[in-house]
Amino acid sequence: MAVATNRNLMRTVGAWPASRKLSLLAVVLICAAVFAAIILQARVADYHLLFAQMENADAAEVVEWLKERKIPYRLEGNGTSIHIPADQVYETRLELAGSGLPRGGGVGFEIFDQQSFGMTDFAQKINYLRAQQGELSRTIASLAPVEGARVHLALPEKRLFTEQQKVGSASVILKLGAGRQLKESQIQGIVHLVAGSVDGIEAENVTVVDSTGKILTANPSDEIAGPMTPGMLDYQQTLERRLESRAQSLLDQALGAGNSVVRVTAAVDFLQQEQTEESYDPNRTAVRSEQTSQEKNGTPSAAGVPGVASNLGDAAPTSGMTSSSRSEETINYEVSKVINRKVFPVGTIKQLSVAVLVADRPAPAAAGEEAGAPVPRDAKEIQSIRAMVSSALGIDDARGDKLEVSSMPFESAFFEMASTESMEGAGLYQYLPFIKYGLLIVGAVLLYLLLARPMLRTLQGSARVVTPMKTVEELEAELNRTEALPRPQGDPAERLRELAMQEQGSFAQIIKTWLRES
């Protein structure tokens, strides 16, 4: 039966015209190609990022590890990014972490995991230096703005005497992310990290350089010569941002978010001043010291009657007393003196320049109509905004502060378009798996409609049993046999026979037409 069906199908297709044969061939080829592409696409797994921004040595080790375990991968970003099937990303990362990959910034102290008995002392020192450099590179690369780091250490040989010992130095090369910058505090943190991790290196002997060759560490001589140090500039920017945030939060509450913009420029006085003042008042005196001393003394003396008797010693002697006194007083006066010592603070505000831009007020819309063009805010409202911002920021006219408030329409079409495009792109990426499955279903339906269904119809048509046509004599014999059979009243066959007897010519033509159609 199947052989007969195939032969009938071949004869049927062979009887088709050439255009119909070419159309069938084109439909078969197109459906086969589309269905094969859909099947191949369905078999290909989605690739997700495993690691990015890798060093060449780390990427080579990871690729070798993936080859050993026969995990498919793709290299992108000039070989710095590795993608693997999405269903194996997390498991592969855990296994790589267990194997110590990627190392990130060269070799570390794992270089001593495998020791060799024939290694010399010089090789041991070199390995220790490499391990220190690698560990420092990994630690520095863990900072958020840093994508990669290299550390070079210059350690002199140990000397017996301290005065003969040379000072070590270190150099750090940083590769920062796109649009990322390091703060001064972060740079100083890197400097002190290196100085504190390696014995014999001081913080002033550590140099930090970015990938463009710019020196990030500040030189003391440059700080003295330059107008502003990085710390001063950082303080000024922080002060400006704090003032802007204070005014912006106030305006957002009054006008609504997105209806105002505040910009502040602060002139800061970083001059260090110290003043000492001495003042004297000649009209006011005070006793500083007073000293008084008195002295009294007396001495006895022998005396007699003058004459010959006294000289000869015959007369009795007489006694006497000699006394003296002395007094001294010293008073020191001091003129009144006042000493004032003033130390002026550093970082005071010399002048503020504030610019405030507010959006125009939207025009009220009538019932059933669209809103018109925005209307500039009136002078009374501008004045109230000016007074409010002036009080919030402490604007001082005597200091020369300036405050400008302007009302203008905001142009937000560009930002709305950019946000809409980004949201559409994110949504499309989210539904990519569903789109792929939908394409598979559409391809299957097209394959059925364009190929399977026409082929089934052709097979069903060719599989029909073709009965041979009966001749007129056979039809008359059957009619005679049916005449001999009794017919019930109202039988359709009896009525058909009577109709054929009445109109023989037209009825015979109808029979012939039926035969041809069958």
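**Labels and cut-offs**

Mentor: Glu135 and Arg138 sit three residues apart in helix 5 (residues 121–141), so about one helical turn separates them. Helices here are DSSP runs of H or I with at least four residues, strands are E runs of at least two, and both are numbered from the N terminus. Keep in mind that this is a predicted model: local features need pLDDT of at least 70, side-chain atom pairs count only at pLDDT 80 or more, and totals for chains, interfaces and linings use all residues. Residues are numbered from 1 along each chain as its sequence is written, and side-chain values use heavy atoms, with hydrogens and water left out.

Trainee: What makes Glu135 and Arg138 a salt bridge?

Mentor: The label needs a side-chain nitrogen of Lys or Arg within 4 Å of a carboxyl oxygen of Asp or Glu. The closest N and O atoms of Glu135 and Arg138 are 3.6 Å apart, so the pair passes. The structure holds seven salt bridges.

Trainee: Why is Glu135 called partly exposed?

Mentor: Buried means under 20% relative accessible area, exposed means over 50%, and partly exposed is in between (1.4 Å probe, protein chains only). Glu135 has 24%, so partly exposed it is. Arg138, at 22%, gets that label too.

Trainee: What about Lys158 and Asp199: what does that pair tie together?

Mentor: First, Lys158 forms a salt bridge with Asp199, with the closest N and O atoms 3.9 Å apart. Lys158 lies in the loop between strand 4 and strand 5, and Asp199 in the loop between helix 6 (184–197) and strand 6 (201–210), so the bridge ties together parts that are 41 residues apart in sequence. Lys158 is exposed, with 65% relative accessible area, and Asp199 is exposed at 65% as well.

Trainee: Which residues does Gln165 contact, outside four places in sequence?

Mentor: Pro156, Glu157, Lys158 and Arg159. Contact means heavy atoms within 4.5 Å. Gln165 is in the loop between strand 4 (146–154) and strand 5 (168–176), and its 27% relative accessibility makes it partly exposed.

Trainee: How do you know that Glu244 is without a salt bridge?

Mentor: The nearest side chain of opposite charge, Arg263, is 4.4 Å away, and the limit is 4 Å, so no bridge is counted. For charge, Lys and Arg count as positive and Asp and Glu as negative, while His and the chain ends are not counted. Glu244 is in helix 8 and is buried. Val262, Arg263 and Val264 touch Glu244, leaving out residues up to four places away in sequence.

Trainee: Which residues touch the most other members of the largest nonpolar core?

Mentor: Val354, Val356, Val389 and Leu393, out of 21 residues in that core. Helix 8 gives the most to this core, with five residues. A nonpolar core is a set of buried Ala, Val, Leu, Ile, Met, Phe, Trp, Tyr and Cys residues joined through side-chain atoms within 4.5 Å.

Trainee: Last one: which residues of helix 4 are buried?

Mentor: In helix 4 (residues 89–98), those are Val89, Thr92 and Leu96. Seen down the helix axis, the buried residues fall within an arc of 65 degrees, so they line one face of helix 4. The arc is taken from the directions from the helix axis to the C-beta atoms. They pack against strand 1 (47–51), helix 3 (56–68) and strand 3 (81–85). The face turned away from the buried side of helix 4 carries exposed residues, including Tyr90, Glu91 and Leu94.
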